[in-house]
Amino acid sequence: MGFIQTVLRNLSTSASVTVKFRSTDNIEFCHTTNRQLEFSYIDGDIYHFIDPNTFDDVMVSASTLGEDTKWLIEGTVYTILFVDGSPVSVELPNNIDMEVAEAAEGLAGDTATSATKPVTLVNGEVIQVPLFVKRGDKIRIRSEDNTYVSRV
């Protein structure tokens, strides 16, 4: 009798576990779908997304979205994963464009190395950027690791 070893991920908690199945075991699959939804607004801990085709209002809790809530921008379309009809996660784009709300002046001096300074974005996040970035600039941020990519 053969075995199949798999790594299963809980789509709600993102926890992974290694499981062995016998070739005679029956496995129940869950139904998953991806939908393109436009982020509309926040109401307390509920994030509202609109289906651009049907105009259905899809509500997703802040606990479901987790840390991704800081990168949601109104009017932007996101891919949302649904498991058995319930939203479980949002897929952020690789790069996000955001405006700098606060930036200290760059210090004069040796800039032969890649000198950086902290800036605060309009969503309240603080990231490190090159010295030439100033308040009001739009910058591109890599959503995977929250790092500066370029000025837009």
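**Sheets, core and loops**

Mentor: Gladly! Let us start with a sheet: five strands form an open sheet in the order 5-4-3-6-7, and the pairing is antiparallel. Please keep in mind that this is a predicted model.

Trainee: Which are the edge strands of this sheet?

Mentor: An edge strand pairs on one side only.

Trainee: How many bridges pair strand 3 with strand 4?

Mentor: These two strands pair in the antiparallel sense. One link to look for is Ile42, whose bridge partner in strand 4 is Tyr47. For the pairing of strand 3 and strand 4, the number of bridges is five.

Trainee: What kind of aromatic pair do Phe39 and Phe49 form?

Mentor: Their ring centres are 5.3 Å apart, and the angle between the planes is 50°. Planes under 30 degrees apart would count as stacked and those over 60 as edge-to-face, so the rest take the remaining name. The pair of Phe39 and Phe49 is therefore tilted.

Trainee: Which parts does this pair tie together?

Mentor: The two residues are ten apart in sequence, so the pair links separate parts of the chain. Phe39 is buried at 2% relative accessible area, and Phe49 is buried at 0%. Phe39 and Phe49 also form one aromatic cluster with Tyr47. The parts tied together are strand 3 (residues 32-43) and strand 4 (residues 46-50).

Trainee: Which ring does the charged end of Arg35 sit over?

Mentor: Look for a ring whose centre is 5.1 Å from that charged end. The ring belongs to Phe82.

Trainee: Which residues have the most contacts inside the largest nonpolar core?

Mentor: This core has 25 residues. Among the elements that give two or more residues to it are strand 3, strand 4, strand 8 (95-103) and strand 11 (138-142). The residues with the most contacts inside the core are Phe49, Leu72, Leu121 and Ile139.

Trainee: Which residue in strand 12 is the bridge partner of Arg140?

Mentor: Strand 11 and strand 12 run antiparallel and are joined by four bridges. In strand 12, the partner of Arg140 is Ser150.

Trainee: Is Asp84 buried or exposed?

Mentor: Asp84 is found in the loop between strand 6 and strand 7, and its phi is positive, about 50°, although it is not a glycine. Most residues other than glycine have a negative phi. The relative accessible area of Asp84 is 56%, and exposed means over 50%. Asp84 is therefore exposed.

Trainee: What is the phi of Asn146?

Mentor: Asn146 lies in the loop between strand 11 and strand 12. At 25% relative accessibility, Asn146 counts as partly exposed. Its phi is positive, in a residue other than glycine, and lies near 55°.

Trainee: What distance separates the C-alpha atoms of Ser14 and Ser89?

Mentor: Ser14 has its place in the loop between strand 1 (3-9) and strand 2 (16-22), and counts as partly exposed at 48% relative accessibility. Ser14 and Ser89 are 75 residues apart along the chain. Their C-alpha atoms are separated by 9.7 Å.

How values were computed:
Residues are numbered from 1 along each chain as its sequence is written. This is a predicted model: local features need pLDDT of at least 70, side-chain atom pairs count only at pLDDT 80 or more; totals for chains, interfaces and linings use all residues. Side-chain values use heavy atoms; hydrogens and water are left out. Rings of Phe, Tyr and Trp (its six-membered ring) pair if their centres lie within 6.5 Å; planes under 30 degrees apart count as stacked, over 60 as edge-to-face and the rest as tilted. Buried means under 20% relative accessible area, exposed over 50%, partly exposed in between (1.4 Å probe, protein chains only). A charge sits over a ring if NZ of Lys or CZ of Arg is within 6 Å of the ring centre and within 35 degrees of the ring normal. A nonpolar core is a set of buried Ala, Val, Leu, Ile, Met, Phe, Trp, Tyr and Cys residues joined through side-chain atoms within 4.5 Å. Two strands pair if DSSP finds at least two bridges between them.
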